[in-house]
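Let's walk through this protein together, starting with its helices and the open space between them. Have a look at the model before reading on.

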Amino acid sequence: MFTLHNVMKLNALSCITFGIIFLAMPSTVTEFLSQNNQAPANVLMILGGGLILNGVHILWAARQATPQPLLVRYFSSGDFLWVVGSIGLLLSGTWITNTAGIISTVVVALMVGLFGALQWLKSPSL
């Protein structure tokens, strides 16, 4: 069930889904995350575009018979950076201040961190 290919596909689906949400309704997302300290909509749109590109890249790599270990580690590192960035925003009170936004950010960070860890562990040896 938790094969490298399946984890990468779930990670790609997550990236593409959140990317579409960020692009389609950036103002709604920023309002959900914070009432009084909102991220600029442009930031969400840039993140959305980047997430879609990243998701497509992960999906491409997941379709390989044996994904290249360095590429898998690259994706895992990106996942870990997302987690660190989320923690930084939460601890600084920047752009994520609503209770629902905080909870959602923690849940997404845990999910992304799990994707990164599973990809790293399931990756072929370097």
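Helices are DSSP runs of H or I with at least four residues, numbered from the N terminus. The model is predicted, so local features need pLDDT of at least 70 and side-chain atom pairs count only at pLDDT 80 or more, while totals for chains, interfaces and linings use all residues. Residue numbers start from 1 along each chain as its sequence is written, and side-chain values use heavy atoms, leaving out hydrogens and water.

**The largest pocket**

A pocket is an open set of points, on a 1 Å grid over the protein atoms alone, where a 1.4 Å probe fits and protein lies on both sides within 12 Å along at least five of seven lines; lining residues have an atom within 4 Å of a point. The largest pocket holds about 730 Å³ of space. Its lining has 31 residues, and closest to the centre are Phe-22, Leu-51, Trp-82, Ser-86 and Val-108. Which helix gives the most to this lining? It is H4, with 9 residues. By class, the lining has 23 nonpolar, 7 polar and 1 charged residues. Here Ala, Val, Leu, Ile, Met, Phe, Trp, Tyr, Cys and Pro are nonpolar, Asp, Glu, Lys and Arg are charged, and the others, Gly among them, are polar.

**Two helix pairs**

Axes are lines fitted to C-alpha atoms over the stretch in contact, with angles from 0 to 180 degrees between N-to-C directions.

| Pair | Axes come within | Crossing angle |
|---|---|---|
| H2 and H3 | 9 Å | roughly 110 degrees |
| H1 and H5 | 9 Å | roughly 150 degrees |

The angle makes H2 roughly perpendicular (65 to 115 degrees) to H3. Contact, meaning heavy atoms within 4.5 Å, is made by Pro-26, Val-29 and Thr-30 of H2 with Ala-41, Leu-44 and Met-45 of H3. Those residues comprise 5 nonpolar, 1 polar and no charged ones.

H1 and H5 are roughly antiparallel (over 145 degrees) because of their angle. Their contact includes Leu-4, Val-7 and Phe-18 of H1 and Val-108, Met-111 and Lys-122 of H5. It divides into 9 nonpolar, 3 polar and 1 charged residues.

Notes:
Grid points are joined across faces, edges and corners, and a volume is the space filled by probe spheres set on the points. Helices (H or I, at least four residues) and strands (E, at least two) are DSSP runs, numbered from the N terminus. Angles under 35 degrees count as roughly parallel, over 145 as roughly antiparallel, 65 to 115 as roughly perpendicular and the rest as oblique.
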